[in-house]
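Dear colleague,

Please find below the structure for your review.

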Amino acid sequence: MNERSRVVIVGGGFAGLNACKGLRSEQRVEITLIDRRNHHLFQPLLYQVAMAGLSPAEIATPIRSLLSGQTNARVFQGEVRSVDFDRRIVAADFGEVPYDYLLLACGARHSYFGHNDWEPFAPGLKTIEQATEIRRRVLSAFEEAERSPDAGVRRRQLTFVVVGGGPTGVELAGAIGEMSRFTLARDFRNIDSKLARIFLVEAGPRILPMFSEAMSGRAMRDLENLGVQVWTSSRVSKIDSSGVEIGSERIEAATVLWAAGVEATRFATASELPTDRQGRVIVNPDLSVGEYRNVFVAGDQACFRHHSDRPLPGVAPVALQQGRFVAQAIVRDLNGQPRAEFQYVDKGQLATIGRSRAIATIGRWNFRGFFAWWVWLVVHIYYLTGFRNRFFVVVSWAWSYFTFRRGARLIVGKEWRNEGPRG
Ligand SMILES: Cc1cc2nc3c(=O)[nH]c(=O)nc-3n(C[C@H](O)[C@H](O)[C@H](O)COP(=O)(O)OP(=O)(O)OC[C@H]3O[C@@H](n4cnc5c(N)ncnc54)[C@H](O)[C@@H]3O)c2cc1C
């Protein structure tokens, strides 16, 4: 008979990985972590890959190597398709895995608000594949503009629309602005990359609504200084292969990027678990679900709203703290102690705009400009996983900062076949 409790964790993101690490020294459990990808991805720096500032390997680390020293954990790469909560079995594409405790930490994916047909024209930013695809589209637009003799084509190629004025949209728009004004300015002969038009389109009345009005106004001015036109109260009504429509207005643009909405990964939520409108599983104060005390949901996949009327936001610190909390809840169970309630410690908000500006709200304090950017930099380096990654990111950033260059400006496509016939 197996006397160790079988803990199955689905998802090796911030929540899953921290739950697993929280059980590092607990010999009464055996952990199986399942993720469809072989790597843990530091999503807050994904826009840097999309904007050619960093290479994928600098912000992603194999989950297996992160857990190689943890003898009570094994890692399976695979996709979980469903869960049988009564039989306590997880069904993955490689077979079934039984559990005593289950943590679902599958994160979120993009939501096109019922317009999934927009996705091919406006990719979102969630995975390394999407980041390199965005990088390909943005850099290719400058290449096409450079070789086209047609002014109309050049104008369309040099028009970029980012939909969604949250932190990701702001980061993307700011980075395109900076890249066109500084990084690429010396590299082209037929076009003036500084003339690129960048639109940030937001349906709400202001960008970065999680910050105060004054701070979001400051971010807007910083973006405008980088040549970004910010359109608020503007709801996109159509996206196609040649641009976007906002009511009766049309912007002809070769590159449209989506940063407007997310919904929870839904495989398990199709079953009997209670969910909110974004598909997030509504959790109990101890992050368990409904009457299943042995099933936890954490991170972006969870909807936790016990200490305020608004659910906790889908950000890394929430996922990280919830992952650690689930590990503690399991240990308490094993010790025969009562479970606590999850309490989120909000350490503040950060958003960066271009190469050396940011806004930060920490407690009652607001920071902006260069100092806020330093805070942003230190926090991101601190939380980035793996010593090697931290080292290379610091070197890349220092180089980009002083030279205005971006080291990862490679256009790589989806082509996988051999190029041309062999001798
Ligand atoms: C571009 C971008 C920028 C961001 N910037 C910030 C920021 O600056 N600050 C901040 O705090 N937060 C930021 N966030 C949000 C933050 O990254 C998320 O809140 C956090 O990653 C959530 O952690 P998680 O563990 O819940 O999910 P994730 O980190 O998304 O991990 C989920 C894991 O589950 C795996 N998975 C999903 N479905 C399955 C399945 N069916 N079977 C097996 N495995 C599965 C995935 O492969 C993934 O590894 C950003 C997010 C994005 C996309």
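In what order do the 3 strands of the open sheet stand, and is the pairing parallel or antiparallel? The order is E6-E7-E8, and the pairing is antiparallel. Please note that this is a predicted model.

On average, and with direction ignored, neighbouring strands are turned by 25° against each other. Strand E7 (residues 89–92) is joined to E8 by 4 bridges, and the two run antiparallel. Within this part of the sheet, Ile 89 stands opposite Pro 98 in E8.

I turn next to the second largest pocket. Its volume is about 380 Å³, and 25 residues line it. Those that lie nearest the centre of the pocket are Arg 355, Trp 373, Leu 377, Trp 397 and Tyr 401. Two or more lining residues come from each of helix H2 (46–50), helix H6 (167–183), helix H9 (369–383) and helix H10 (387–403).

With regard to domains, at least three lining residues are drawn from domain 1 (5–110 + 262–334), and at least three from domain 2 (116–260).

With kind regards

Terms used. Residues numbered from 1 in each chain as written. Predicted model: local features only at pLDDT ≥ 70, side-chain atom pairs only at ≥ 80, totals over all residues. Heavy atoms only, no water. 1 Å grid on protein atoms, 1.4 Å probe; cavity = no way out; pocket = protein on both sides within 12 Å on 5 of 7 lines; lining within 4 Å. Points joined across faces, edges and corners; volume = space filled by probe spheres on them. Domains from an automatic or database assignment. Pairing = 2+ DSSP bridges. Axes fitted to C-alpha atoms, helices over the stretch in contact; angles between N-to-C directions.
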